[in-house]
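This briefing is for a reader new to the structure shown below.

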Amino acid sequence: MLNAARLQILARLENLGTVRAVGASLHLSPSAVSAHLAALEAETGARLVERTGRRVRLTPAGRTLARHARVILDQMALAEAELAHPDGQPAGVVRVAAFSSGVRALVIPLARRLAVEHPRVQVEVVELDPRESGPALRRADVDVAVTADLLDGARLAGPDVATVPLLEDPVVLVAPAGASAGTATGEGPVDLAGLADARWAADLPGRYLSTLVESACRDAGFEPRVVARLPSYELLLAHVEAGLSVALLPGLAVDPRYDVVARPLRAPRTRPVYAAVRRGAPPTAATSVVLAGLRRVAADVTAATAAVGRATAPPPR
């Protein structure tokens, strides 16, 4: 008879890679994790892990059982949810991970809507970078990951993950309302080649926004003069608002509380945004409601963005 707690440990070991990391995630000592793995090997009669010094890795049998373990654990969660709510109505907690602008633009409006339409569904949200949300989803730390493709093509995909497209998030130039930090004046799409002398704000080197600015400016024929390295969208927008810089941001990240203007690029760039869930057991009724709600909120955001674009487009000549 397989033990569910031990299956969870095995599945986490495949994702986290070390006994110590598994123990930290489950509040167990490394020795307790090792004891559970040894017991699981005794239960299955198979060698599941290989030990090389202080490191361990899953054997082919271990990887096979870990794959089945994720399906079994999700099926057990589905059974528990249906037993807890036998009327079949959506109810229960759904844990959602999202990047910061996705939390503000998608998940918070979703939670507000569900509080009215499905008050028995509780949305728990955690802010996670797209590179972090995939592992969290696979570890079953969250039920849904709202994430985005990165410039290097990294995507949360695989046979164990199903994705639901939400929207295409356009990259925009963000400038002070008075455009005092450069030459980002006028209306309509902006040609970055005209901003070769501008002062730029970006993220820390090597991170998404920094790579975005460098790539877009180089494509326009110049190296950006970066005067601020700010990992916070709020600080970056405040720097732009103060007239000290311009920046490139995904449209979702442009907070309307800041007195800045956002203009589309003549050479368009977009960031695909989607929701992801684990494959295996069907999603619970509550998770299905969350996915449907995210699609509706994303459709509202897309419609609002299109309306703003039409309102600010220059008149035809």
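A residue is called buried when its relative accessible area is under 20%, exposed when it is over 50%, and partly exposed in between. The model is predicted. Across the whole structure, a search finds 17 salt bridges.

- R139 counts as buried because its relative accessibility is 19%, under the 20% cut-off.
- The loop between α6 (130-138) and β5 (144-148) holds R139.
- R139 forms a salt bridge with D141, and their closest N and O atoms are 2.8 Å apart.
- D141 is partly exposed, with a relative accessible area of 26%.
- Apart from neighbours within four places in sequence, R139 is in contact with R12, N15 and L16.

**Other salt bridges**
- R113 and D300 form a salt bridge, with 2.8 Å between the closest N and O atoms.
- R113 belongs to helix α5 (residues 100-117) and D300 to helix α9 (residues 285-312), so this pair ties together parts that are 187 residues apart in sequence.
- R113 is partly exposed at 22% relative accessibility, and D300 is partly exposed at 41%.
- R57 and E50 meet through their side chains in a salt bridge of 2.9 Å, N to O.
- R57 counts as exposed at 56% relative accessibility, whereas E50 counts as partly exposed at 24%.
- A network of salt bridges links D74, R95, D143 and R278.

**D197**
- D197 sits in the loop between β6 (161-176) and β7 (199-202).
- With 70% relative accessibility, D197 counts as exposed.
- The C-alpha atoms of D197 and F222 are 9.1 Å apart in space, and the two residues are 25 residues apart in sequence.

Notes
Residues are numbered from 1 along each chain as its sequence is written. This is a predicted model: local features need pLDDT of at least 70, side-chain atom pairs count only at pLDDT 80 or more; totals for chains, interfaces and linings use all residues. Side-chain values use heavy atoms; hydrogens and water are left out. Helices (H or I, at least four residues) and strands (E, at least two) are DSSP runs, numbered from the N terminus. Buried means under 20% relative accessible area, exposed over 50%, partly exposed in between (1.4 Å probe, protein chains only). Contact means heavy atoms within 4.5 Å. A salt bridge is a side-chain nitrogen of Lys or Arg within 4 Å of a carboxyl oxygen of Asp or Glu.
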